[in-house]
Amino acid sequence: ALRMFSNIISLQCEQIIQHLNRKIPGVNTAELCQRIQTLGVEINAGDLAKITNTVSFLFSTAARNNLSTEELITTLGNAVSTLPKHAVQVIRHVWNEQGKSISVTEDAGNMATVGQFVDIKWKLGVAMSSDTCRSLKYPYVTVTLKVADSSGQITDKSFEMTIPQFKNFFRQFKEMAAVLETV
Amino acid sequence: MAAVREGEFAALQSLLKAPSRDAVRQLCQECFSSPLAGLGLLAQRACPGLAAEPEEAEQLVSALHSLTRHVVYRGLTSAEDILLLFPENFHQNLKNLLTKIILENISVWRNEAQASQISLPRLVDMDWRVDIKTSSDSISRMAVPTCLLQLKIKEDVALCGNSPVVSALTVELSKETLDTMLEGLGRIRDQLSAVANK
């Protein structure tokens, strides 16, 4: 179980590095959390998110300042005193192997405190019946937006729209695209 | 929504004491819109005007709630169908008045029922803006267009009752991710057309 836990932390660190290198939009905290929980380790998504934030910030600062592995571990220890020893070892190992690959190139990237849109999942449904109306036949669109925050956490936001709302929604995006073309 | 019981129709007779048709109309609307938990309060207001005893008021309000909700549940739309609900010896004028009031309100009530049924959070508003990023602490000059989108989303009405929680989601889209969005939305539109043509 310890090895599997270490593997997951290792995966988390790798995802953080890939995110810093703009290869992936973010770290799938919810999925990692689920995997850790099935190992019987008590952790909630919020705590795992904090760890992702801390390690992400640490890696990017270390990359920009060319910190050595020892300096990195010292800084980590000062930031998070409660990390278990094997987690620290995993982080050190990943940094040793891949730390140098973190590119500190300048690009437009995500400088905002605003979430970045990643993907849209959708479903078209018809509500047939409910406790208030036996025969509804009410069509609606359900949408899940995947949004990555600046530290790379991907969260889902789901909501429903009526058909007229959806048509307006679509039209607004087409307008946005049209404006982007001219800019 | 179970059918209206005989006893409940009897309770409706209290409406004969109403000061005006408009008073009856208003009470019908309030009884339909009120959740079960709010009926007690409505009953208090109906008494002493329409009912001598608080118990009578409660039965009246409950019966009206039942009747109006039942009509919406069954999807009744014609006067004949609604009239058929009443027992044979029910007061003729009151029956006609109630049927008339129900017919007047049926489509508004149906929309209200649809709007308040359980659902995922609903989109209530959307605002957007296109910006150009011109510089930052790491890049001195650039011209990168970007979209800022703010969605206002209202949590499930059934959970929030009278104090709906509206949250704002602010999202940034680049030209590429905007294309992803458009592609997804385009597919929804295609599906809608396909379903509409069936």
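**Entry 1**

The model is a predicted one.

**Entry 2: the A/B interface**

Next I turned to the contact between the chains. I find 50 residues of chain A in contact with 53 residues of chain B. The area buried between chain A and chain B is about 4,800 Å². Carbon and sulfur atoms give 73% of that area. Which three residues supply more than any other three of the area that chain A buries against chain B? They are Phe117(A), Met176(A) and Leu180(A), with 14%.

I then checked the polar side of the interface. Between chain A and chain B I count 13 residue pairs in polar contact, both residues at pLDDT 80 or more. Which elements of chain A give two or more residues to the side that touches chain B? I noted strand S1 (115-127), strand S2 (138-148), strand S3 (154-162) and helix H6 (163-182) of chain A. H6(A) gives the most to this side, with 14 residues. By residue class, the side of chain A that touches chain B divides into 29 nonpolar, eleven polar and ten charged residues.

The rule finds two between chain A and chain B. One salt bridge joins the side chains of Lys157(A) and Glu155(B), at 3.9 Å from N to O.

I followed Glu104(B) in detail. Its salt bridge with Arg25(B) has the closest N and O atoms 3.0 Å apart. Why does this pair tie together parts that are 79 residues apart in sequence? Because Glu104(B) sits in helix H6 (residues 92-116) of chain B, while Arg25(B) sits in helix H2 (residues 21-33) of chain B.

Is Arg25(B) buried or exposed? I read 18% relative accessibility for Arg25(B), so this residue counts as buried, the cut-off being under 20%. Glu104(B) is partly exposed, with a relative accessible area of 41%.

Glu104(B) has another partner. The side chains of Glu104(B) and Lys100(B) form a salt bridge at 3.3 Å, N to O. Glu104(B) and Lys100(B) are four residues apart in helix H6 of chain B, so about one helical turn separates them. Lys100(B) has 43% relative accessibility and counts as partly exposed. I then traced the shared partners. Asp22(B), Arg25(B), Lys100(B) and Glu104(B) are joined into one network by salt bridges that share partners.

**Entry 3: a pair within one helix of chain A**

I also looked at Lys50(A) and Asp47(A). Their side chains meet in a salt bridge at 3.8 Å, N to O. Where do Lys50(A) and Asp47(A) lie? Both are in helix H3 (residues 45-64) of chain A. They are three residues apart, about one turn of the helix.

Last check here was accessibility. Lys50(A) stands at 55% relative accessibility, so I log this residue as exposed, the cut-off being over 50%. Asp47(A) has a relative accessible area of 34% and is partly exposed.

Note on methods:
Residues are numbered from 1 along each chain as its sequence is written. Chains are lettered from A and ligands numbered from 1 in the order in which they are written. This is a predicted model: local features need pLDDT of at least 70, side-chain atom pairs count only at pLDDT 80 or more; totals for chains, interfaces and linings use all residues. Side-chain values use heavy atoms; hydrogens and water are left out. A salt bridge is a side-chain nitrogen of Lys or Arg within 4 Å of a carboxyl oxygen of Asp or Glu. Buried means under 20% relative accessible area, exposed over 50%, partly exposed in between (1.4 Å probe, protein chains only). Contact means heavy atoms within 4.5 Å. Buried area is the accessible area (1.4 Å probe) that two parts lose on being put together, summed over both. A polar contact is a pair of N or O atoms within 3.5 Å; within protein, one must be able to donate a hydrogen and the other to accept it, and residues adjacent in sequence count only if both atoms are side-chain atoms. Ala, Val, Leu, Ile, Met, Phe, Trp, Tyr, Cys and Pro count as nonpolar, Asp, Glu, Lys and Arg as charged, and the others, Gly among them, as polar.
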